[in-house]
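Subject: The structure I promised

Hi,

Here is the structure we talked about.

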Amino acid sequence: MFTCRLPWWRSSATCKLWQAGGFLPRVWERCQPPGCKGINATAGQGQQVGMQEKRVLEDLEMPLARRETETLFQEQPETGNPYLEDALLQSYLKTHLPPKVLEEVNQDLERFGNRLLTTVKPLGWECELNPPVFRQYDAWGQRVDHIVICSAWRRMKEITAEEGLIAEAYERRYSNWSRLHQAVKLYLFSSLSGGFGCPLAMTDGAAKVIESLGIPGSLKNAFDHLTSRDPKKFWTSGQWMTERRGGSDVANGTETVARKQPDGTYRLYGFKWFTSAADSDVALTLARVADAEGEVKQGSRGLSLFFLRVRDEEGKLNSIQVQRLKDKLGTRQMATAELWLDGAKAELISAEGHGVASISNMLNITRIHNAIAAAASMRRMISLSREYARRRVAFGKLLKDHPLHMQTIARMEVQTRGAFLLIMEIVRLLGLVEANMASEQDQLLLRLLIPVAKLYTGKQASAVVTEAMESFGGQGYMEDTGLPVIVRDALVLSIWEGTTNILSLDVLRSLTKSQGQAMAVFFSTVQKKLELASSAAKLEPAVKQTRDALGSLAQFMEAAGSKGATTMELAARDFSYTLARIYTGRALLIEHAARPDASSTDIAAARRWCNQELCPVAAESENSSYEAEAALTDSALAYEGSPACPPW
């Protein structure tokens, strides 16, 4: 069926079309010509409108195959400098950064925003159009295992070095604010970078591990390369954790064996099932050290951490065979491979058997990067949705003039604001730790909030980007708009660096290890911030709702001791969501809205956030849902019938 995609101009001409052709008015109302800013044409637009109507009439007289109206007449949403267009980001920096630091950072971010728009964005799209290709053999049958990457990907690596996207965090020019400066640049860079944020996350994580080890002499050269601003010296790192038997379960899933050599180095033998950014220069990986009899210790205590170069000085692979590249739903711009380590030369960098503890610093950094990418993808999609709403005409008026449409965008905006402020809070705490300015309470809070933020923002991103895609109608589903790329790439963020359930259990572990101190800090921090905001009359409902949620959480915690292990595990996800919602509502949205110069949008966002169920774990517990689910789980485990036909 032919659908005319031109506006419903209410005139005698269109009345004649209605009478003669029987076209439904709603078909016309969905249409929009290039440059249309509204349904009411000004005097200066009259001639243009007349020409458009004439073209429509002429076009309808043509055979279907010749009609120019086969072209979609809509304006492409275009956004400007991402830093200058992000009012929340600017207000956050103005509130928190010292004046001198703010002045320099502001100049750097404005310049960087222009570079993102003019250089990085086109390169990112080129990376999407030219994904990596695996060439296993050359023309003469020799195995080469060459991963061919496009020039745009290589240029992206150079730009990240020039901009100091890793170096900024380790130079510490701004003391405890250096990590925040880096995080903001990553936030602006992420959604335009063609997937290059992933290798940067692992590179940052590797640098952090080496720094935490005191930068031993054998790793000084590697650290300098990983944190270099010189494109010719800059290295990226991989993180080779996942093997065939498990992803997050490295304790039981790691089969790679390390055999010590006479010169003190090790040779690694094993199969890495999922290695992101396989074109990286170096990698950190876990393996089990074999003793003199060739035996290895199982479990997490048998794992040690190793550093290796992917290629030697001549560019040859370090006894590594590339089996194939992964065919992924998203992040197609990046080479993700299966690697066979057949005696790869490596250096033991952790104490033997302490690999998991040593690599935890890397995981914390990559999880923060993951959360930054989640917030960035949400911000990008909302910016495009908002811009599209200013251009697209439907049912006789711009989308921005449809209350329901704008309500949907506003709700996405609230989620995005919450994610952004939660991440900034974590990065602020990390900066204090790295500058040796953090209290014990700061460190406990950081340990608790990292998995909370990663798991919650990953879920937020999936929901927001798909909702935002819907705001474009059918155009949101078209590959050449670039919108599906953002959606696909965002969906992995709830999987990378630990799934929602894995991280929910990690949250419980952090409470156990701190013997309850982490939760005590959580409660006291939230309460202090609420007291500071309680004098703001416009925020009174939000403050009350947060206090009520905090009370419900306290009651749940008091009763938690009597719960069985299965019940507590079933509550882990809702418990983590509760921490995310309360802390985001309290420490961030309410605190940000309580500033003297807060905007009406800041206040509305805080109130909207606090209108949701802030303590889902208490609500579910009151309804005895966890006990019922525990019984259901036991029933499922005990069921001996056909797996295809469970009893429910």
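Let's start with helix H18, which covers residues 540-560. Helices here are DSSP runs of H or I with at least four residues, strands are E runs of at least two, and both are numbered from the N terminus. (The expected span is 1.5 Å times one less than the number of residues.)

Which residues of H18 are buried? They are Ala 542, Val 543, Thr 546, Ala 549, Leu 550, Leu 553, Phe 556 and Ala 560. They take up an arc of only 145° around the axis, so they sit on the same side of H18; the arc is taken from the directions from the helix axis to the C-beta atoms. An α-helix has 3.6 residues a turn, so residues three or four places apart point the same way. Turned away from that buried side is a face with the exposed residues Glu 540, Lys 544, Gln 555 and Glu 558. Buried means under 20% relative accessible area, exposed over 50%, and partly exposed in between (1.4 Å probe, protein chains only).

A word on where this comes from: the model is predicted, so local features need pLDDT of at least 70 and side-chain atom pairs count only at pLDDT 80 or more, while totals for chains, interfaces and linings use all residues. Residues are numbered from 1 along each chain as its sequence is written, and side-chain values use heavy atoms, with hydrogens and water left out.

Now the aromatics. There are 13 aromatic pairs in the structure. Rings of Phe, Tyr and Trp (its six-membered ring) pair if their centres lie within 6.5 Å; planes under 30 degrees apart are stacked, over 60 edge-to-face, and the rest tilted. Tyr 266 and Phe 306 have ring centres 5.3 Å apart and planes at 70°, so this pair is edge-to-face. It links distant parts of the chain, with Tyr 266 in strand S6 (residues 266-275) and Phe 306 in strand S8 (residues 303-309), 40 residues apart. Both Tyr 266 and Phe 306 are buried. The pair of Phe 271 and Trp 273 is tilted, because the centres are 6.3 Å apart and the planes are at 45°. Phe 271 is buried at 10% relative accessible area, whereas Trp 273 is partly exposed at 34%.

Trp 273 turns up again with a charge: Lys 326 lies over its face, 3.4 Å from the ring centre. Here NZ of Lys or CZ of Arg has to be within 6 Å of the ring centre and within 35 degrees of the ring normal.

Finally, the salt bridges, 48 of them. The rule is a side-chain nitrogen of Lys or Arg within 4 Å of a carboxyl oxygen of Asp or Glu. One of them joins Glu 163 and Arg 115 (2.9 Å, N to O). Glu 163 is in the loop between helix H6 (151-162) and helix H7 (167-171) and Arg 115 is in helix H5 (residues 99-129), so the pair ties together parts 48 residues apart in sequence. Glu 163 and Arg 115 are both buried.

Another bridge is Glu 413 with Arg 379, at 2.8 Å from N to O. Glu 413 belongs to helix H13 (residues 403-434) and Arg 379 to helix H12 (residues 355-389), 34 residues apart. These two are part of one network of salt bridges with shared partners, which also includes Asp 86 and Arg 595.

Cheers
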